[in-house]
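Me: I am new to this structure and would like to go through it step by step. Could we begin with the charged side chains?

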Amino acid sequence: MRAVILAAGRGTRLYPYTKIVPKPLVPISTDNEGKFVTIIERIIKQLVNAGIKDIIIIVNYKEDMIKEYLGDGQNYSCQIRYRTQDVLDGNAGAFYCAQDLIDDNVIITDCDNYFEDNEFFIKIKKYFTESDADLTVGVSTVD
């Protein structure tokens with residue numbers, strides 16, 4: 001199973017922060033050593049925790065910053081590949097950019113999905129596998 005993280009957008013709702021840094025790299029917490037953790041790092045770690053080691057990130061806005069920051073995934077114990085969404089034409093268009101890399105089941109997530117539950121992707125993957133469904137949609141309540 002692979003994962004596709006949709007991270008191409010401009011993050012306009014977080015402006016003016018995203019004028020400087022793309023939304024996926026906005027820090028949301030610190031780790032045990034006091035180092036900032038970005039939202040996309042949290043998602044990557046949660047995916048890796050679920051056994052997903054092949055991650056494709058769809059980029060556009062400030063894509064060089066994202067690629068430089070995350071690299072090839074070695075620091076996260078996974079493989080990260082990138083596809084550029086040349087035209088920002090929505091989530092379906094973003095996913096379409098990665099179609100040549102998808103030949104198996106896939107988890108698709110936005111770069112700004114924040115799950116407190118570090119086992120969310122484990123649960124959704126297990127439910128999908130056990131239900132033998134063609135499609136599973138995971139949702140989470142927020143305050």
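Reply: Asp100 forms a salt bridge with Arg83, and their closest N and O atoms are 2.7 Å apart in this predicted model. A salt bridge is a side-chain nitrogen of Lys or Arg within 4 Å of a carboxyl oxygen of Asp or Glu.

Me: Where do Asp100 and Arg83 lie?

Reply: Asp100 lies in the loop between helix H4 (90-96) and S6, and Arg83 is in strand S5 (residues 79-84), so the pair ties together parts that are 17 residues apart in sequence. Helices (H or I, at least four residues) and strands (E, at least two) are DSSP runs, numbered from the N terminus.

Me: Is Asp100 buried or exposed?

Reply: Asp100 counts as exposed because its relative accessibility is 55%. Arg83 has a relative accessible area of 26%, so Arg83 is partly exposed. Buried means under 20% relative accessible area, exposed means over 50%, and partly exposed lies in between (1.4 Å probe, protein chains only).

Me: How many salt bridges does the structure hold?

Reply: The structure holds 9 salt bridges. One of them joins the side chains of Asp112 and Lys23, at 2.9 Å from N to O. That pair links distant parts of the chain, 89 residues apart: Asp112 is in the loop between strand S6 (106-110) and helix H5 (120-131), and Lys23 is in the loop between helix H1 (17-20) and strand S2 (27-30). Asp112 counts as partly exposed because its relative accessibility is 28%, whereas Lys23, at 16%, counts as buried.

Me: Which residues are linked in a network of salt bridges?

Reply: Arg2, Asp54, Arg81 and Asp103 are linked in such a network. Elsewhere, the side chains of Lys123 and Asp117 meet in a salt bridge of 2.5 Å, N to O. Lys123 is partly exposed at 47% relative accessibility, and Asp117 is partly exposed at 32%.

Me: Turning to H5, what are its buried residues?

Reply: The buried residues of H5 are Phe120, Phe121, Ile124 and Phe128. Seen down the axis of H5, these buried residues fall within an arc of 95 degrees, so they line one face of the helix. The arc is that of the directions from the helix axis to the C-beta atoms. On the other side of H5, Thr129 and Glu130 are exposed.

Me: And what covers the buried residues of H5?

Reply: The cover includes helix H2 (39-49) and S6. Just after H5, Asp132 takes a positive phi of about 55 degrees.

Me: Then take Gln46. Which residues is Gln46 in contact with?

Reply: Gln46 lies in helix H2 and counts as buried, at 2% relative accessibility. Leaving aside neighbours within four places in sequence, Gln46 is in contact (heavy atoms within 4.5 Å) with Phe115, Asp117, Asn118 and Phe121.

Me: What about Ile58: buried or exposed?

Reply: Ile58 is buried, with a relative accessible area of 0%, and lies in strand S4 (residues 54-59). Not counting residues up to four places away in sequence, Ile58 touches several residues, including Val4, Leu6, Arg83 and Cys97. Ile58 and Cys111 are 53 residues apart in sequence and 9.4 Å apart in space, C-alpha to C-alpha.

Me: Finally, the whole chain. How many helices and strands are there?

Reply: The chain has 5 helices and 6 strands, and along the sequence they follow the pattern β-α-β-β-α-β-α-β-α-β-α. The C-alpha trace spans about 45 × 40 × 35 Å along its principal axes. Buried residues make up 41% of the 143 residues in the chain. Among contacts between residues at least 6 apart in sequence, 66% join residues at least 24 apart.

Terms used
Residues are numbered from 1 along each chain as its sequence is written. This is a predicted model: local features need pLDDT of at least 70, side-chain atom pairs count only at pLDDT 80 or more; totals for chains, interfaces and linings use all residues. Side-chain values use heavy atoms; hydrogens and water are left out.
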